[in-house]
Amino acid sequence: MALAPLATSFDISCADRAVPLIQNGPCRPPLGAIGAQAKTKGRGRPLFDTLTLASLPAADEALRPAIRALADEAAANAPADVRARSWSGFDPAFSRRLGAAGFLGLTLPRAYGGQERGPFARFVVVEELLSAGAPVAAHWIADRQSAPLILNYGSEAQRDFYIPRICRGELVFCIGMSEPGSGSDLASVRTRAERTTSGWRVNGQKIWTTNAMHGDYMIALLRTSGTSEDRHTGLSQLIIDLKAPGVTVRPITDLAGDAHFAEVFFDDVDLPADALIGNEGEGWKQVTAELAFERSGPERIYSSVVLLDAWIAHLRAVGRNDAATLALVGDFTARLATLRAMSIACTARLALGESPVTEASLVKDLGTAFEQELPVAIGDDLAAHPGEAVDAELYRTLMFVTYVAPSFSLRGGTREVLRGIIARGMGLR
Ligand SMILES: Cc1cc2nc3c(=O)[nH]c(=O)nc-3n(C[C@H](O)[C@H](O)[C@H](O)COP(=O)(O)OP(=O)(O)OC[C@H]3O[C@@H](n4cnc5c(N)ncnc54)[C@H](O)[C@@H]3O)c2cc1C
C-alpha cells in the first residue's frame, strides 16, 4: 500500500527564504515495507525512517549514522517501556559520551566548547535520540535552554564556567519557573531573592522541577523587588547551586510511579553576587526568550513514537494487514510526517536567527495532540482484537504512555496558553 499523497509544499514559514527545506514528493518506502528498511546496527527506526516528506541540509543529515550508532548502543537492548521513558532516562555516562563525540552544544560557539553547527544539526541529533528512546535527561535541559540562556544573557565569567561543562555533558540544569499557584500565570511568582552584603538570600518554593533530585544547578525565576501583583517587573533570573545549604529537594511521584520532578524548598539560601544572570529586573524578558528555546525543537512530536513502533512490530508479528489497520498506520504516518515537516520549518526560522514563537506554539499544540491520541487509538485497536496475544512489553509501554500522556500538553506551557499565543500571533486577540 502506498501512502496517500501528502501536502506537496507544506511550509508554514520559509517558502521565500534562503534555506530551501521542504522537498515535494511522496513518503518512501510504501507502508508495506515498514520495518524492512533501517537495518542499520540496532533496532533501526521502522516508522521514523519512512518520514521523508521533509529533508534537512545534507551536511546536517550526515551526522545521522554516527548519532544513530551511539543512540542504539545506549537504547537498543532496553525494552520498549524503558525506551519510552527517553525524556526522563537519566544516564550521565551516556550524556558525557554524547559530549565527547560532539553531539552536545551543537548550536553554541566553539569558543565555549560548542560545535557552532546550528539548529538543523541539533534537530538531527534530537530526533535520533528520541526515536531510539535513548536516555536524554542528564543533558537535555542544560543543552537545550540553560546554555543558550547563559550565552545570551550571562556574564563572560558565567559563560566560561558553565557552557564548556554543559557541552561536555557534565552539568545537570533544572528550570525553576513554576511555583504552587504560579504556573501558567508565571509572572506571579513569589519566591524571593533579597540582596545581602555578599550577594543574595533566597526563600520560597518551586514545584514540578524536572530532575531537581539529580540537578547541579537551577536557573530560577525569582522576585528581587516589588510584590507578585507587580507582575512582570521586579523579576530576575539567578543560578542556584542545588547543593547549597538551605536547599531541600522532595521528589514527586507521577501516575506511572516514576519520580522525575520535585518540589524544591529554599530556606535562607545564600548565593554569591554573581548568581544573577543578566540584569536585575529583566527576568521576564529573559524567561520569555528561554521558553522559545523550549518550545521550538522537534521534542514535541516524538513522545509516543516508541509505542507506535512497538505497536507496528506487534501488527507484523501477528500478521495483521487488513485495510482498516493499514489505513490507521497510514494516518499516523502521514500526520507524523507532516508534523515533522512543520517542525523542520520552525527550525529553518531559528537557523535564520528568528524566533518563531507562533509557529512553534502551533507545532507543540498539534504535536502533543497527536502524541496524546496515539495511546488512546492503539489501546482501542488492541481492545478491538481480543483474539490477538499482546506481549507484556507492548502492554507495559501502552500503560506507561497512557499514564504520562496528559502531561504532554502541560509541560512546557499548557495547551490553552499556547492557543492564546497562537491567537495573538494571528492578530485574533
Ligand atoms: C512533566 C512535567 C514537567 C514539568 N517540568 C517543569 C520544570 O522543569 N520546571 C518548571 O518550572 N515547571 C515544570 N512543569 C510545570 C508546568 O510548566 C506547569 O504545570 C504548567 O505551566 C501549568 O501550570 P500549573 O500546573 O500551575 O497549572 P495552571 O496554570 O493552574 O493551569 C490549570 C489549567 O488552567 C488552564 N489555564 C490557566 N490559565 C489559563 C488562561 N489564561 N486561559 C485559559 N486557560 C488557562 C491551563 O491551561 C490548565 O489547563 C512541569 C510540568 C509537567 C507536567
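A: H9 and H12 are roughly antiparallel to each other, a label for angles over 145 degrees, while angles under 35 count as roughly parallel, 65 to 115 as roughly perpendicular and the rest as oblique. Helix H9 covers residues 305-318, and helix H12 covers residues 392-408. Their axes lie 10 Å apart at an angle of about 150°. Axes here are lines fitted to C-alpha atoms, for helices over the stretch in contact, and angles run from 0 to 180 degrees between N-to-C directions. Helices (H or I, at least four residues) and strands (E, at least two) are DSSP runs, numbered from the N terminus.

This is a predicted model: local features need pLDDT of at least 70, side-chain atom pairs count only at pLDDT 80 or more, and totals for chains, interfaces and linings use all residues. Residues are numbered from 1 along each chain as its sequence is written. The pLDDT, the predictor's confidence in each residue from 0 to 100, averages 87 over the protein chain. At least 70 is reached by 86% of the residues. Residues 1-41 fall below 50.

Back to the pair. H9 passes H12 in a left-handed crossing; that is, the near helix is turned anticlockwise from the far one by less than a right angle, clockwise being right-handed. H9 brings Val 306, Leu 307, Ala 310, Trp 311 and His 314 to the contact. H12 answers with Glu 393, Leu 394, Thr 397, Leu 398 and Val 401. Contact requires C-beta atoms, placed from the backbone, within 7 Å. Seven of these residues are nonpolar, two polar and one charged. Ala, Val, Leu, Ile, Met, Phe, Trp, Tyr, Cys and Pro count as nonpolar, Asp, Glu, Lys and Arg as charged, and the others, Gly among them, as polar.

H9 has another partner, helix H11 (residues 357-383), with axes 9 Å apart and an angle of about 25°. That makes H9 roughly parallel to H11. This crossing is left-handed. Leu 307, Leu 308 and Trp 311 of H9 meet Leu 374, Pro 375 and Ile 378 of H11. The contact has six nonpolar residues, no polar and no charged.

Elsewhere, helix H6 (residues 140-153) and helix H7 (residues 156-167) cross at roughly 160°, their axes coming within 10 Å. H6 is thus roughly antiparallel to H7. Their contact residues divide into seven nonpolar, two polar and two charged.

Conventions:
Contact = placed C-beta atoms within 7 Å.
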